[in-house]
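Reader: Please take one part of this model and look at it closely. Keep it brisk.

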Amino acid sequence: MGFQEQKQNFQLRKKPNTGCIRRWPSQDAKNWCIKFFNNALNLLDLDAIVAIGSSIREVPYSADVDLLIIYHSKKPALNNPPIDVDIHMYERSKIDTLISNGHELLVWAIQLGCLVIEQNSYWTNLSERWKNQAPFPSAEKAALSTSRSKKIYMKLSLLGDEDAKFEEYITMLTHLARERLLRAGKFPYSRPELPGQLRLIGENSLSKKFEAALIKRSKLYGQKFVQLHN
């Protein structure tokens, strides 16, 4: 296939599925993403953009928008994404190996992600191939992440950086919640959903602690957090 024919076929793809994202953390995030999605239609080396995380879930708030980008050959250039747009970029040739090794973010995207853009049905084929075969995330890896986060939290406590300390506290609770859920055989959803999932497996103390921290965080960022009792 020649370059012009390849380019023509590429541009016949559907428009970006912006409906994937149920809520935007800010107008800047929305404007940047929509512009990036439209420009991405002309990037021949881009295989897929998949929205992941709380912004695509039925939750009361989202602190940011998470995007998984898969490419080949030339890495797509990013034009200063806002602080509340998190980009996770991976080269296509490494994807299957990463998934087979239980890569948490990619497995989450396979199970719960929402496709925004793809070229040549790349993500559709990938997700169909892995949907029922992707490894269950490792509770042991989650425990290691909890331990690392706890050490960082303790260091920040000594430094007296209260903002950084609180953010690390949220991260630590997230890893701990994931660990408890995985040990119970439950697939962790997005962060705002974790307290509700914890309650369902009897982890009421951790659920209350985590939910209180998320409510405090939402107030700090001027967002609305509604307690979800399943």
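**A strand and its neighbours**

Author: Val50 stands opposite Leu115 in β4. This is a predicted model, in which local features need pLDDT of at least 70 and side-chain atom pairs count only at pLDDT 80 or more, while totals for chains, interfaces and linings use all residues. Residues are numbered from 1 along each chain as its sequence is written, and side-chain values use heavy atoms, with hydrogens and water left out.

Start with strand β1, residues 46–52. Strands and helices here are DSSP runs, numbered from the N terminus (E, at least two residues, for strands; H or I, at least four, for helices). Seven of the seven residues of β1 are buried, so the strand is largely enclosed by the rest of the structure. Buried means under 20% relative accessible area, with exposed over 50% and partly exposed in between (1.4 Å probe, protein chains only).

Now its partners. Two strands pair if DSSP finds at least two bridges between them. β1 pairs with β2 (residues 65–71) in the antiparallel sense, over six bridges. Leu46 has Tyr71 of β2 as its bridge partner. Ile52 stands opposite Asp66, also in β2. β1 also pairs with β4 (residues 114–118), again antiparallel, over four bridges.

Step back to the sheet. It is open, has four strands and runs in the order β3-β2-β1-β4, with mixed pairing. β3 (85–91) and β4 stand at the edges with a single partner strand each, so one side of each lacks a neighbour in the sheet. On average, neighbouring strands are turned by 20 degrees against each other, direction ignored. Helix α2 packs on this sheet and touches β1, β2, β3 and β4. Contact means heavy atoms within 4.5 Å. The direction of α2 makes about 15 degrees with that of β2. Axes are lines fitted to C-alpha atoms, for helices over the stretch in contact, and angles run from 0 to 180 degrees between N-to-C directions.

The structure holds one disulfide (a pair of cysteine sulfur atoms within 2.5 Å). Cys20 and Cys114 form it, with their sulfur atoms 1.9 Å apart.
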